[in-house]
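Please look over the model below before reading on. The report then takes up its fold, its aromatic pairs and its pocket.

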Amino acid sequence: MKKQPQLLSMPANTSSVTELTESLSPLSAAVPPNAEASLEHALTLPTSLELSPPPSPQAAPKTRSPKSRQGAWSVFASTFVTIFLAELGDKTQVATLLMTAESQSPWIVFAGAGSALVATSLLGVLLGRWLATRISPKTIEKSAGVVLLFVSAMLVWDILH
């Protein structure tokens with residue numbers, strides 16, 4: 001912990017203002033002539049202008065603790081694994097495979113497919129953030145489940161007919 005330099009203590013009453021200004025005589029050449037009057041005025045301010053108490057720990061800006069960083073890595077890992085497994089073998093991966101075989105430019109196809117995945121993920125994140133400010137998480141979970149069940153039912157219907 002850094003050691004704070006000791007500061008001059010302020011006088012408790014206005015009678016010691018003169019003593020304080022006299023002890024600072026080497027600085028008096030640089031002090032404006034009305035400084036003593038300003039200091040006396042400042043020391044006689046009403047008590048209603050007292051300093052407010054320091055902010056509570058809840059109001060202080062939050063810094064990331066090691067535990068919150070672990071939480072961030074946990075969210076990152078679960079998101080990565082979920083999306084990775086969901087994308088394996090889906091139509092996007094098959095389309096990417098076919099485009100690479102046709103174009104003979106795997107890095108260009110990779111850049112295009114990666115950019116598209118990043119763009120769609122960004123849309124999902126922004127929409128999710130917007131929804132989270134308006135709808136409760138439980139409602140969002142239930143709605144997502146209903147939508148996925150509906151899509152699944154439509155796919156089964158297409159297969160059977």
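What follows is a short report on this predicted model.

Residues are numbered from 1 along each chain as its sequence is written, and side-chain values use heavy atoms, with hydrogens and water left out. Because the model is predicted, local features need pLDDT of at least 70 and side-chain atom pairs count only at pLDDT 80 or more, while totals for chains, interfaces and linings use all residues.

**Fold and surface**

The protein has six helices and zero strands. Helices (H or I, at least four residues) and strands (E, at least two) are DSSP runs, numbered from the N terminus. Along the sequence the pattern reads α-α-α-α-α-α.

Of the 161 residues, 3% count as buried. Buried means under 20% relative accessible area, exposed over 50%, and partly exposed in between (1.4 Å probe, protein chains only). The protein exposes about 14700 Å², and carbon and sulfur atoms supply 69% of that area. Accessible areas come from the Shrake-Rupley method with a 1.4 Å probe; for residues, only the protein chains shown count as cover.

Helix 6 (residues 137-160) has 24 residues. Its first and last C-alpha atoms are 35 Å apart, close to the 34 Å expected at 1.5 Å a residue. That expected span is 1.5 Å times one less than the number of residues. Helix 6 lies largely in the open, because the number of its residues that are buried is zero.

**Annotated regions**

An unreviewed UniProt entry gives the annotation "transmembrane region" to residues 71-88, 108-131 and 143-160. UniProt positions are given in the numbering used here, feature names are shortened, and annotations may be inferred rather than shown by experiment. Two of these regions compare as follows.

**Aromatic pairs**

Rings of Phe, Tyr and Trp (its six-membered ring) pair if their centres lie within 6.5 Å; planes under 30 degrees apart count as stacked, over 60 as edge-to-face and the rest as tilted. By this rule there are four aromatic pairs. Phe 80 and Phe 84 form a stacked pair, 5.7 Å centre to centre with 15° between the planes. Both lie in helix 3 (residues 66-87), four residues apart, about one turn of the helix. Phe 80 is exposed at 51% relative accessible area, and Phe 84 is partly exposed at 45%.

Trp 107 and Phe 110 form an edge-to-face pair, 5.8 Å centre to centre with 85° between the planes. They sit in helix 5 (residues 106-132), three residues apart, about one turn of the helix. Trp 107 is exposed at 66%. Phe 110 counts as exposed at 55%. Trp 73, Phe 76, Phe 80 and Phe 84 form one aromatic cluster.

The largest pocket holds about 900 Å³ of space. A pocket is an open set of points on a 1 Å grid over the protein atoms alone, where a 1.4 Å probe fits, with protein on both sides within 12 Å along at least five of seven lines; lining residues have an atom within 4 Å of a point. Of its 25 lining residues, the closest to the centre are Ile 83, Glu 87, Ala 113, Gly 114 and Leu 117. Helix 3, helix 4 (91-103) and helix 5 each supply at least two lining residues. The largest share, 12 residues, comes from helix 5.

**A loop residue**

Gln 104 is found in the loop between helix 4 and helix 5. Its phi is near 60°, a positive value in a residue other than glycine. Gln 104 is exposed, with a relative accessible area of 64%.

Note on methods
Points joined across faces, edges and corners; volume = space filled by probe spheres on them.
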